[in-house]
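Colleague: Before I use this model, I would like to go through the terms that describe it and hear on what grounds each is applied. Could you take them one at a time?

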Amino acid sequence: MSWWAIDVRTTPADRDTLGAWLVTETGLAVEERADGTLVTFAADEAAADALVAALAVHCGGRAAAERRPLEAVDWSVRWRDGLGARTIGRLTVLPSWLPEVTPDGARTVVLDPETAFGSGEHGSTRAALALLERHLAPGDFVLDLGSGSGILAIAAVKLGARSAVGIETDAGANEVAVRNAERNRVSQRISFLTGDAADLAPLAGPADLLLSNILRSVNTPLLPAIVAALRPGGLAIFAGMEEVEARLFRPVIADAGFTTVEELTEAGWWAVAARSE
Ligand SMILES: C[S@@+](CC[C@H](N)C(=O)[O-])C[C@H]1O[C@@H](n2cnc3c(N)ncnc32)[C@H](O)[C@@H]1O
């Protein structure tokens with residue numbers, strides 16, 4: 001797969017609505033450059049062409065779009081550049097190749113995400129970690145949907161969860177997560193299952209707390225499975241959505257019977273903790 005970028009220019013007045021439309025169309029983040037250009041992505045040239053055509057229909061002459069192929073980068077090597085320790089409340093996330101610098105009393109997650117998502121650098125992961133750190137109760141049983149590198153499940157156990165189960169469609173990511181659990185000496189308290197959370201989450205529950213840091217386009221159809229996987233009154237932490245998506249997701253979780261407990265935004269990524277009925 002060779003990714004393409006699409007640069008979209010529009011008036012300042014139309015920028016927010018167009019950004020929200022692009023997020024909804026692609027299910028991907030939109031970057032806003034300093035000059036106001038919106039940048040989004042497509043998985044191949046045909047998808048880039050389709051998006052440019054849909055944009056022309058949606059906006060008429062109010063926006064101009066250009067597409068360009070992206071340079072192929074070996075992310076398995078490049079992503080290590082610039083990663084450092086991150087502190088979120090009582091939690092420190094430390095890349096495994098750095099010397100340990102944990103302050104006294106802090107809970108450290110030592111991590112090598114390798115090729116899996118979840119280094120602790122992304123705003124959506126940090127937003128989920130911040131809500132987890134504030135709302136986890138000691139002894140909770142935790143489900144982590146879309147567990148990637150295992151960062152959230154491991155953090156939950158380090159913060160006092162009784163045990164955790166990660167569910168991930170990507171078997172390769174689960175191999176990375178297992179290595180990270182071993183690195184943090186929490187393997188006895190965490191399992192990683194490979195498969196679709198829609199099928200596995202209700203079987204793995206009932207959970208006291210459930211994390212779902214996945215795109216809104218995935219979180220929304222997962223809601224019935226999430227409700228089925230939580231105990232009555234259990235807490236769900238949803239992340240993986242940009243700030244502009246909050247207004248679209250709030251009514252969806254309210255309709256599914258959730259009451260919002262706390263919302264926060266980290267580097268433009270919105271997350272919400274909400275209690276089920
Ligand atoms: C944004 S990453 C989150 C990784 C990590 N939990 C974190 O917070 O950094 C989302 C993950 O969800 C996985 N995923 C997407 N759809 C899924 C589904 N239906 N069931 C389970 N995992 C899924 C992806 O493979 C990806 O690893």
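This is a predicted model: local features need pLDDT of at least 70, side-chain atom pairs count only at pLDDT 80 or more; totals for chains, interfaces and linings use all residues.

Colleague: Why is α1 called oblique to α2?

Modeller: The axes of α1 (residues 12-26) and α2 (residues 45-59), which are lines fitted to C-alpha atoms over the stretch in contact, come within 12 Å and cross at roughly 140°. Angles run from 0 to 180 degrees between N-to-C directions, and those under 35 degrees count as roughly parallel, over 145 as roughly antiparallel, 65 to 115 as roughly perpendicular and the rest as oblique; α1 is therefore oblique to α2. On the α1 side the contact (C-beta atoms, placed from the backbone, within 7 Å) is made by Leu 18, Trp 21, Glu 25 and Thr 26, and on the α2 side by Leu 51, Ala 54, His 58 and Cys 59.

Colleague: How do you know that α7 is roughly parallel to α8?

Modeller: The axes of α7 and α8 (residues 216-229) are 7 Å apart, at an angle of about 10°, and this angle makes α7 roughly parallel to α8. Ala 197, Ala 198, Ala 201, Pro 202 and Ala 204 of α7 make the contact with Leu 222, Ala 225, Ile 226, Ala 228 and Ala 229 of α8. By class, ten of the residues in this contact are nonpolar, with no polar and no charged ones, where Ala, Val, Leu, Ile, Met, Phe, Trp, Tyr, Cys and Pro count as nonpolar, Asp, Glu, Lys and Arg as charged, and the others, Gly among them, as polar.

Colleague: And which words, roughly parallel or oblique, apply to α4 and α5?

Modeller: With an angle of about 20° and axes 11 Å apart, α4 and α5 are therefore roughly parallel to each other, and α4 passes α5 in a right-handed crossing. In this packing, Thr 125, Ala 128, Leu 129 and Leu 132 of α4 meet Ile 151, Leu 152, Ala 155 and Ala 156 of α5, a contact with seven nonpolar, one polar and no charged residues.

Colleague: What makes up the shell around the ligand?

Modeller: The ligand is surrounded by 23 residues, each counted when its C-beta atom, placed from the backbone, lies within 6 Å; the closest are Gly 118, Thr 125, Gly 146, Gly 148 and Ala 197. At least two residues come from each of α4 (123-135), α5 (151-158), β9 (163-168) and α7 (197-204), and the largest share, three residues, belongs to α4. By class the shell divides into eleven nonpolar, nine polar and three charged residues.

Colleague: What sets Pro 206 and Arg 185 apart in the backbone?

Modeller: The peptide bond from Gly 205 to Pro 206 is cis, with omega near 5°, and Pro 206 lies in the loop between α7 and β11 (207-213). Arg 185, although not a glycine, has a positive phi of about 55°, and this residue is found in the loop between α6 (171-183) and β10 (190-194).

Key
Residues are numbered from 1 along each chain as its sequence is written. Helices (H or I, at least four residues) and strands (E, at least two) are DSSP runs, numbered from the N terminus. Two residues are in contact if their C-beta atoms, placed from the backbone, lie within 7 Å. A crossing is left-handed if the near helix is turned anticlockwise from the far one by less than a right angle, and right-handed if clockwise.
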